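The following paragraphs lead through a structure, beginning with a single residue and widening to the chain. Please view the sequence and coordinates before reading on.

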Amino acid sequence: ALPTFGEGTILFKPNAGSFGKGIVSFHDSAALLRHAERPAAYGTDGVALLQRFHAVRQTHRVFVLGERVQCGVSVSIDEGQFGGQCMASAAKRRKVDGASAVALEEVSDAVREGCQQAMRSAGADVGSIEYLIEPETGEALYYDLNLLSTFPDPKIVGKDCWMELAEYISSKRKT
């Protein structure tokens with residue numbers, strides 16, 4: 001059964017393997033249900049998620065390795081866009097002023113704790129978590145946990161997250 005979502009736009013999102021492709025927005029449940037009947041609408045794992053759409057101009061992504069936050073970035077998007085895309089795609093885009101669409105940002109303690117808890121709950125050592133700031137309340141709304149992430153450009157975040165990952169894997173092998 002489809003839950004009642006009230007007013008607003010609902011996103012149907014393939015869970016895995018789509019890199020943001022296949023996300024479709026719906027304003028009524030009948031159209032959403034017709035779409036959900038199509039096996040091709042789902043991710044490579046056969047799962048899809050429903051998410052309320054929030055019109056924002058920026059999404060945020062936190063990269064976690066072990067119990068440590070590696071870095072956080074903000075990704076500028078068009079207000080009608082559904083998400084920040086993978087890091088490789090997002091890094092190629094430019095804002096109107098020519099600046100990169102991806103920028104390093106400080107991760108607040110509350111967001112840091114939320115991301116670390118999500119990774120523990122998922123039983124994951126490495127990944128990234130995407131969130132947006134709800135425009136009316138200022139609340140962080142977490143909407144994606146990526147266990148296979150493309151790291152941000154070292155020139156943007158000031159370090160090589162891939163190298164940190166390699167060192168982490170190497171240290172795990174030795175123990």
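Leaving aside its neighbours within four places in sequence, with which residues is V69 in contact? Contact here means heavy atoms within 4.5 Å. The partners of V69 are V62, F63, V64, V107, R112 and Q116. V69 itself belongs to strand β5 (residues 68-76), where strands (E, at least two residues) and helices (H or I, at least four) are DSSP runs numbered from the N terminus. V69 is buried, at a relative accessible area of 10%; buried means under 20%, exposed over 50% and partly exposed in between (1.4 Å probe, protein chains only).

The model is predicted: local features need pLDDT of at least 70, side-chain atom pairs count only at pLDDT 80 or more, and totals for chains, interfaces and linings use all residues. Residues are numbered from 1 along each chain as its sequence is written, and side-chain values use heavy atoms, with hydrogens and water left out. The mean pLDDT (the predictor's confidence in each residue, from 0 to 100) is 83 for the chain. Confidence is lowest in helix α2 (residues 87-92), with a mean of 64, and highest in helix α3 (residues 109-122), at 94. Where pLDDT is low, the predicted coordinates should not be read in detail.

A nonpolar core is a set of buried Ala, Val, Leu, Ile, Met, Phe, Trp, Tyr and Cys residues joined through side-chain atoms within 4.5 Å. The largest has 15 residues, and F63, C71, V73, V75, F151, V157 and C161 have the most contacts inside it. Strands β4 (58-65) and β5 and helix α5 (161-174) each supply at least two residues of this core. Apart from it lies another core of 10 residues, including V62, V107, M119 and A124.
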